[in-house]
Amino acid sequence: MALNKNHSQGGGVIVNNTESILMSYEHVELAFSDMKNVPEAFKGTKKGSVYLTPYRVIFLSKGKDAMQSFMMPFYLMKGCEIKQPVFGANYITGTVKAEAGGGWEGSASYKLTFTGNIEYEVE
């Protein structure tokens with residue numbers, strides 16, 4: 001898991017040449033809990049977009065926040081649950097572990113909430 005390593009100065013997402021973006025959603029919120037020594041970048045609810053590749057999930061913040069991007073490789077994500085409440089926004093919860101050189105240490109619980117409408121492209 002890496003903090004602030006997957007965004008460009010112009011506000012775009014950076015992916016490796018060997019992977020592609022399978023899907024993306026705007027109007028997403030990301031919040032963290034259950035952390036020891038919470039870094040400033042992890043405090044509060046972050047708003048932005050999420051990108052799915054074959055190997056990882058990348059969150060890109062909207063605006064100027066201490067967390068500009070947050071990447072979670074699938075192998076470091078545990079206990080993922082998809083929730084679809086009747087009277088609320090869909091969300092995904094789970095825990096993610098930090099990796100060496102990722103910009104933070106330990107593990108954290110996350111909640112990724114899809115607040116906007118999902119739009120599909122028809123070709």
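Which residue lies over the face of Tyr91? In this predicted model, that spot goes to Lys111, which sits 4.3 Å from the ring centre.

A search of the whole structure turns up five aromatic pairs. Take Phe32 and Phe42: their rings pair edge-to-face, with 4.8 Å from centre to centre and 70° between the planes. This pair ties together distant parts of the chain, since Phe32 belongs to strand E2 (residues 23-33) while Phe42 is found in the loop between E2 and strand E3 (46-52), ten residues apart. Both Phe32 and Phe42 are buried.

Phe32 has another partner in Phe70, again edge-to-face, at 4.9 Å centre to centre and with 70° between the planes. Here, too, distant parts of the chain are linked: Phe32 in strand E2 and Phe70 in strand E5 are 38 residues apart. Phe32 has a relative accessible area of 13%, so it counts as buried, the cut-off being under 20%. Phe70 comes in at 1% relative accessibility and therefore counts as buried as well. Put together, Phe32, Phe42, Phe70 and Trp104 make up one aromatic cluster.

Conventions: Residues numbered from 1 in each chain as written. Predicted model: local features only at pLDDT ≥ 70, side-chain atom pairs only at ≥ 80, totals over all residues. Heavy atoms only, no water. Phe/Tyr/Trp six-rings, centres within 6.5 Å; stacked < 30°, edge-to-face > 60°. Helix = DSSP H or I, 4+ residues; strand = E, 2+ residues; numbered from the N terminus. Buried < 20%, exposed > 50% of the residue type's maximum accessible area, 1.4 Å probe, protein only. Lys NZ or Arg CZ within 6 Å of the ring centre and 35° of its normal.
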